Amino acid sequence: LIGVGIGVACRDRTIAFASTFACFLSRAFDNLRMGVISQTNLNVMGSHCGVSIGEDGPSQMALEDLAMFQSLPGCTVFYPTDAVAMERATELAANTRGITFIRASRPALPVIYKNEEQFQIGKAKIVKQSANDQVLVIGAGVTLYEAVKAAEQLAATGVNIRVMDPFTIKPLDWAAVQNHSAACGGRVVTVEDHYPEGGLGDAVLASLATVRNTVVKKLAVNAV
């Protein structure tokens with residue numbers, strides 16, 4: 001699948017998309033790393049990511065795909081949350097040079113963005129905030145909805161949190177993470193449907209590595 005995609009994208013003959021369960025892309029990693037060397041322009045869609053696929057079972061749960069694609073030099077990694085963001089991600093991927101990866105969830109999730117919402121590569125969205133937020137919570141896909149639910153429950157107890165949707169994991173919006181982290185007292189929680197290694201949490205940690213007085217707590221799938 002990936003080899004054919006790289007072939008049809010050769011010499012810019014067409015805008016190529018290759019799509020399958022994200023877990024199956026691990027066996028195509030050699031094609032992808034060689035595609036980077038040959039400067040291919042292939043767009044990859046990985047669906048059914050994370051434990052949220054439920055009844056499909058653990059063998060189908062992609063929990064290392066973000067780590068794999070973030071390791072590819074020049075690869076753009078999208079993690080759209082709803083249908084509107086997915087449409088924009090697909091459009092942006094088609095017009096982006098190099099390998100792109102779009103991570104897609106299985107569950108039917110509500111639409112949170114308006115049809116006219118504008119998205120940019122490397123630009124995050126703030127979906128919930130107040131003037132006195134105490135923690136910045138960063139989620140993507142299914143975990144963003146859980147973060148919003150948590151924000152509503154905490155607000156009922158008098159605790160306000162800020163919720164960020166990164167849209168792209170690579171490049172991550174470092175400026176937004178740093179600025180909103182500072183506005184929340186340097187307290188950050190990342191929530192991801194992925195193993196702790198090489199995912200959203202590690203991307204956020206990299207963006208805050210040189211920022212003093214900041215604490216990051218990673219919530220992820222910690223075991224098989």
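Phe 167 has contacts with Val 77, Phe 78, Tyr 79, Pro 80, Ala 85, Ala 89, Leu 92, Phe 119, Gln 120 and Lys 123, once residues up to four places away in sequence are set aside. The model is a predicted one. Phe 167 sits in the loop between β7 (161-165) and β8. Its relative accessibility is 0%, so Phe 167 counts as buried, the cut-off for that being under 20%. The C-alpha atom of Phe 167 lies 17 Å from that of Leu 205, a residue 38 positions away along the chain.

Tyr 79, one of the residues that Phe 167 touches, also takes part in a polar contact: its side chain and that of Arg 103 are joined at 3.0 Å. The side chain of Arg 103 makes a polar contact with the side chain of Asp 65 as well, at 2.6 Å. Arg 103 belongs to strand β4, which covers residues 100-103. With a relative accessibility of 0%, Arg 103 is classed as buried.

Helix α3 spans residues 65-70, and Gln 70 is part of it. Is Gln 70 buried or exposed? Gln 70 is buried, because its relative accessible area is 19% and the limit is under 20%. Apart from neighbours within four places in sequence, Gln 70 is in contact with Val 77, Ile 169, Lys 170, Gly 198, Gly 199 and Ala 203.

Helix α1 can be read in the same way. Its buried residues are Ile 2, Gly 5, Ile 6 and Ala 9. Down the axis of α1 they fall within an arc of 100°, and therefore line one face of the helix. The elements that the buried residues of α1 pack against are β1 (16-21), α2 and β2 (42-47). After α1 comes Arg 11, which has a positive phi, near 60°.

Two packed helices are described by the angle between their axes and the distance between the axes. For α1 (residues 2-9) and α2 (residues 29-37), the axes come within 9 Å and the crossing angle is roughly 20°. The two helices are therefore roughly parallel to each other, since angles under 35 degrees count as such. By class, the contact of α1 with α2 has three nonpolar, three polar and no charged residues. On the α1 side these are Ile 2, Gly 3 and Ile 6, which meet Asn 31, Leu 32 and Gly 35 in α2.

Strand β2, against which buried residues of α1 pack, holds Asn 43. Which residues does Asn 43 touch, not counting those up to four places away in sequence? They are Ile 15, Ala 16, Phe 17, Ala 18, Ala 93, Ala 94 and Thr 100. Asn 43 counts as buried because its relative accessible area is 3%.

How values were computed: Residues numbered from 1 in each chain as written. Predicted model: local features only at pLDDT ≥ 70, side-chain atom pairs only at ≥ 80, totals over all residues. Heavy atoms only, no water. Helix = DSSP H or I, 4+ residues; strand = E, 2+ residues; numbered from the N terminus. Buried < 20%, exposed > 50% of the residue type's maximum accessible area, 1.4 Å probe, protein only. Polar contact = N/O pair within 3.5 Å; in protein donor to acceptor, adjacent residues only side chain to side chain. Contact = heavy atoms within 4.5 Å. Axes fitted to C-alpha atoms, helices over the stretch in contact; angles between N-to-C directions. Parallel < 35°, antiparallel > 145°, perpendicular 65-115°, else oblique. Nonpolar A, V, L, I, M, F, W, Y, C, P; charged D, E, K, R; others polar. Arc of directions from axis to C-beta.
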